[in-house]
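Please read this briefing alongside the sequence and the model. It covers confidence, one chain's overall form, and the contact between chains.

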Amino acid sequence: MTTTAQKPPQAPTRRPRKDKASVLFDVPGPRAKRRNWLLTLLFSLVFLAVIGLLVWKLAQKHQLDGRLWKPYTDAEVWQNYVWHGLWNTLKATIVAAILALAFGVVFGLARLSDHRWVRVPAGAVVEFFRAIPVLIMMFFALAGPPIIADAFNRVISPVSGFEAVVAGLTLYNGSVLAEIIRAGINSVPKGQWEAGYSIGLRKGGVMLRILVPQAVTAMMPAIVSQLVVLLKDSALGYIIAYEDLLNSGFYQVKGKFGNLIPAAIVVTVVYVAMNMMLGYFANWLERRSRRNRRSSAKIVNAPPAAGMESGVPAA
Amino acid sequence: MNLHNLLDFAPVFDNMGKILSGFWATVRLSAAAGLFAMIIGTAVAGMRVSPVPVLRAAGTLYVNVFRNTPLTLILLFCGLGLRDTLGLWTHADASLSGYWLAVLGLSVYTGAFICESLRAGINTVPLGQAEAARSIGLTFPQSLRLVVLPQAFRTVIAPLGSVLIAMIKNTSVALVAGSLEAAAVMKQMFDDVGGTIPIFIGFAAGYMILTLPTGYFFGWLAKRMAVTR
């Protein structure tokens with residue numbers, strides 16, 4: 001027996017690289033190819049010109065000097081600024097995410113209640129917090145409690161930046177999550193809960209055993225996408241002097257070493273990497289729940305903004 | 001108990017002029033940033049579906065970077081980087097340069113979201129439409145402009161409305177770039193008078209007057225313009 005295994009006839013090694021065709025355009029012919037090359041060249045020139053201008057301007061102001069990267073060779077800078085800030089950002093994000101989920105479950109289910117006196121106030125709270133900016137919630141969480149305590153003749157310790165950030169993130173994202181959870185439960189077909197009631201389950205049983213398990217798969221992608229929003233909004237902490245990644249890793253580093261561009265690049269890369277990972281995770285979850293045959297619920301999209309009726313066609 | 005202090009609406013009415021001018025700044029910021037964000041978003045969406053690979057890659061890079069960067073960072077970079085370091089957009093009137101820097105940051109950020117909504121809309125346009133456009137000899141820009149985008153826009157009115165409402169709320173971050181609008185006025189009043197509930201309610205109501213009708217309008221428009229298929 002010979003060791004030379006029979007190989008299948010080799011495919012031509014270099015297939016002509018086809019430009020991917022889409023519905024919107026044909027596979028380019030010779031003229032289209034020439035035009036595409038021209039556009040590529042034109043765009044690259046414009047792009048490089050803009051970048052070049054920026055680089056030239058920055059170099060003029062000595063913003064591109066190699067020495068500006070020097071602080072990042074020092075482990076202490078990473079430790080005291082970047083990791084310190086990143087840890088604070090993650091801390092606020094994780095605590096706010098957990099609280100927002102709890103808030104969302106409570107208010108999402110309350111909005112589905114059969115009792116008007118539960119449903120209406122819960123709806124008002126959710127719509128209120130979805131309609132106003134997170135930042136003014138943080139301002140109020142920071143400045144409000146001492147005044148309120150004072151009115152009751154109490155003195156409380158000042159609210160920390162961390163608490164204010166978590167409060168703002170929880171109230172806003174909790175309200176959005178409440179909408180997602182409500183949409184998730186509503187996305188389970190009517191036949192499912194009718195069947196539940198007909199076999200003698202009570203309201204709680206139908207909710208816990210039939211609706212929630214199927215809804216969870218349907219709303220997971222939207223929940224994870226909302227976490228991206230939460231993580232990004234944690235950067236608002238900078239404005240209320242919370243030492244998050246933006247404050248500590250960019251503002252303070254820039255203030256101390258004057259290295260605008262390196263500090264901006266480092267912090268942007270960290271934020272983009274974290275958010276893209278969460279985003280890919282959400283997409284993966286979505287593909288997975290689309291394949292899921294055990295849940296009859298339709299996948300939940302991000303809810304429309306406050307004031308819009310739900311049920312408008314979402315893309 | 002000192003409930004008088006807790007529920008005293010006097011500071012809100014005494015400072016009505018200041019509050020209204022704050023919200024007027026918010027409206028101006030929203031209008032300008034909304035306009036530029038639509039232009040940027042449409043252009044980048046066109047790039048992302050174009051036949052030229054370099055344009056597609058540039059569009060994808062743009063969206064991935066700006067959608068995943070906190071707005072606060074973008075606006076802070078506009079203020080610290082573009083104005084303070086590079087001296088761009090400096091103007092004798094500091095509030096004017098702050099305004100344009102905030103418009104720049106907001107529209108660059110929001111443009112990425114508009115692009116993604118629009119691209120989702122392009123995907124809902126049936127295959128036959130684009131094929132028909134090609135078969136009657138329309139070029140790519142023509143079929144995009146005359147056939148695909150008009151239908152795509154109509155299907156994504158609701159998501160675009162959500163993006164624009166989020167942008168109205170995001171104008172509160174503009175104070176980072178040095179543009180003083182409603183949120184900055186509220187912060188200042190909190191510092192002067194204290195963080196009382198009436199002031200908070202007043203500003204919350206102001207934002208709701210801006211966001212909720214916008215929401216109703218886009219909800220109505222989406223229903224009215226829905227493409228029947």
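The points below are grouped by topic.

This is a predicted model, in which local features need pLDDT of at least 70, side-chain atom pairs count only at pLDDT 80 or more, and totals for chains, interfaces and linings use all residues. Residues are numbered from 1 along each chain as its sequence is written, while chains are lettered from A and ligands numbered from 1 in the order in which they are written.

**Confidence**

- The predictor assigns the complex an ipTM of 0.90 and a pTM of 0.88.
- Chain B has a mean pLDDT of 88, with 98% of its residues at 70 or more; pLDDT is the predictor's confidence in each residue, from 0 to 100.

**Form of chain A**

- Chain A contains nine helices and zero strands, where helices (H or I, at least four residues) and strands (E, at least two) are DSSP runs numbered from the N terminus.
- The radius of gyration of chain A is 27 Å, whereas a compact globule of 315 residues would have one near 20 Å; the radius is taken over C-alpha atoms, and the globule rule is 2.2 Å times the number of residues to the power 0.38.
- Along the principal axes, the C-alpha atoms of chain A fill a box of roughly 70 × 60 × 50 Å.
- Buried residues make up 37% of the 315 in chain A; a residue is buried if 20 or more other C-beta atoms lie within 10 Å of its own, exposed if 12 or fewer, and partly exposed in between, with C-beta atoms placed from the backbone.
- Of the contacts in chain A between residues at least 6 apart in sequence, 75% join residues at least 24 apart; two residues are in contact if their C-beta atoms, placed from the backbone, lie within 7 Å.

**Contact between chains A and B**

- Chain A contributes 59 residues to the contact and chain B 73 residues.
- On the side of chain A that touches chain B, α1 (30-60), α4, α8 (245-257) and α9 (260-291) of chain A each supply at least two residues.
- The residues on that side of chain A comprise 42 nonpolar, 10 polar and seven charged; Ala, Val, Leu, Ile, Met, Phe, Trp, Tyr, Cys and Pro count as nonpolar, Asp, Glu, Lys and Arg as charged, and the others, Gly among them, as polar.

**Helix pair α4(A) and α10(B)**

- The axes of helix α4 (residues 134-151) of chain A and helix α10 (residues 182-193) of chain B come within 10 Å and cross at roughly 5°; axes are lines fitted to C-alpha atoms, for helices over the stretch in contact, and angles run from 0 to 180 degrees between N-to-C directions.
- α4(A) and α10(B) are therefore roughly parallel to each other, a term for angles under 35 degrees, with those over 145 roughly antiparallel, 65 to 115 roughly perpendicular and the rest oblique.
- L135(A), I136(A), F139(A) and A143(A) of α4(A) make the contact with A183(B), M186(B), K187(B) and F190(B) of α10(B).
- By class, the contact of α4(A) with α10(B) has seven nonpolar residues, no polar and one charged.
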